[in-house]
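Hi everyone, thanks for coming.

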Amino acid sequence: MNRLISVTVLAVVAGTLWWCYSSAPVSTVLSPEPVSVPDQPSGSSGLVPESVPTPSSVSPSRESSERLMDLAKWLEDAQGRAFVFQVEAFWRECLDRDSCALELDLIQTMLTPERYQLIAHYQRLNQEWQQSLGSTSLSDFATLQARVEEVKRLAQQTWGEAANIVFADEFAVYDFSLETQQLATESPDQFVQSYRHLLNQWHKSEAAIGLVSSAAKYERGLSLIPHSYNQTQREQVSSQLAAMYLSDAEANDIQARAQQVAEQTTQTQSYQQQLERLKRTLEQQRQSRFANLTDSEWQQYYDDQISEFRISFFSG
């Protein structure tokens, strides 16, 4: 559910077909004090009682303790999808072991208070985030910028400053998508140069925005070519993008696939046109030549004619 909602938000907000993320954002309405669940008496109402069970009296093994220490060091600096993936794995596994309170107690000393609060309260905050998204209609916002601003506002409202940790990758995608809008006003002669300049500015965030490979940069560039360009201008820009980001083999492969798609499109259009002509002819015949046939006899004849046309078209 969480992953589905996150992907939906990205599709609505960023409008990207190539993008997908594995989890929903988190934000920090986090209290400065550390979570006190490990010392919480049975039956009391803790900060995250629904997520953290009462502490176990069984001490973890040395191997488990070292694993948790390594995890804590990593979580202290991690952000974005990697952080969310690991935090969700932590909660899933500790719940299976019925040891969440004990493990949280062990990693607390390795984390800043803010990062510890985020991890300890993740389950509750994430649930609140899903509820917030579910009650918001992003389609009510007319522009991409308005949708991005609303998502960020909701994230800050739920997660506080921790939204920048949990949604680091998502926010990067949103911001990059907003900046690509400036390419819509570029002339065909300046488009590729401006696109390359934009990618250079985002070089450090290539992984977050899904543009690590040259092929991905080429495909993204194609998707950003303004609709106002005519066919000649589009082909010109496409060729320049291919020369910049693709090897000869990759360019040939893409050209072959484009030709195949074009041929399939032409074939489909031809099939539909011929099928429609046949149907019109049959309708005319029903009113004249075959007017005396019963409905069942006519339907059998009609179906036979359509079937013979399909066999003939696709076998020829």
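Helices α7 and α9 cross with a left-handed sense, where left-handed means that the near helix is turned anticlockwise from the far one by less than a right angle, and right-handed means clockwise. The residues that make this contact are L144, Q145, V148, V151, K152 and A155 on α7, together with F171, Y174, D175, S177 and L178 on α9. By contact I mean heavy atoms within 4.5 Å. Helix α7 covers residues 144–159, and its axis comes within 10 Å of the axis of α9, at a crossing angle of roughly 160°. The axes here are lines fitted to C-alpha atoms, for helices over the stretch in contact, and the angles run from 0 to 180 degrees between N-to-C directions. The two helices, α7 and α9, are therefore roughly antiparallel. As for the cut-offs, under 35 degrees counts as roughly parallel, over 145 as roughly antiparallel, 65 to 115 as roughly perpendicular, and the rest as oblique.

Let me say what kind of model this is. It is a predicted one, in which local features need pLDDT of at least 70 and side-chain atom pairs count only at pLDDT 80 or more, while totals for chains, interfaces and linings use all residues. Residues are numbered from 1 along each chain as its sequence is written, and side-chain values use heavy atoms, with hydrogens and water left out.

Now the overall picture. How many helices and strands does the protein chain have? There are 14 helices and zero strands. Helices (H or I, at least four residues) and strands (E, at least two) are DSSP runs, numbered from the N terminus. Of the chain's 316 residues, 40% are buried; buried is under 20% relative accessible area, exposed is over 50%, and partly exposed lies in between, with a 1.4 Å probe and protein chains only. Looking at contacts between residues at least 6 apart in sequence, 71% join residues at least 24 apart. The accessible surface of the protein chain is about 18,000 Å², and 49% of that belongs to carbon and sulfur atoms. Those areas come from the Shrake-Rupley method with a 1.4 Å probe, and for residues only the protein chains shown count as cover.

E170 sits in helix α9, and at 3% relative accessibility E170 counts as buried. Leaving aside residues up to four places away in sequence, S132 touches L154 and T158.

Helix α6 has another partner, α3. The axes of α3 and α6 come within 11 Å and cross at roughly 120°, in a left-handed crossing. V84, V87, E88, W91 and L95 of α3 meet Y122, Q123 and N126 of α6. D98 is not a glycine, yet its phi is positive, about 55°.

Is helix α5 largely enclosed or open? Six of the eight residues in α5 (residues 113–120) are buried, so the rest of the structure largely encloses this helix. The buried ones are R115, Y116, Q117, L118, I119 and A120. They pack against α2, α3, α4, α6, α7 and α8.

Last stop, α10. This helix has 14 residues, 188–201, and at 1.5 Å a residue it should span 20 Å; its end C-alpha atoms are 21 Å apart, which agrees. The expected span is 1.5 Å times one less than the number of residues. Buried in α10 are P188, F191, V192, S194, Y195, L198 and L199. An α-helix has 3.6 residues a turn, so residues three or four places apart point the same way. The cover over the buried residues of α10 includes α9, α11 and α12. With α11, the axis of α10 comes within 11 Å and crosses at roughly 130°, so the pair α10 and α11 is oblique. That crossing is right-handed, and F191, Y195 and L199 of α10 meet K217, R220 and G221 of α11.
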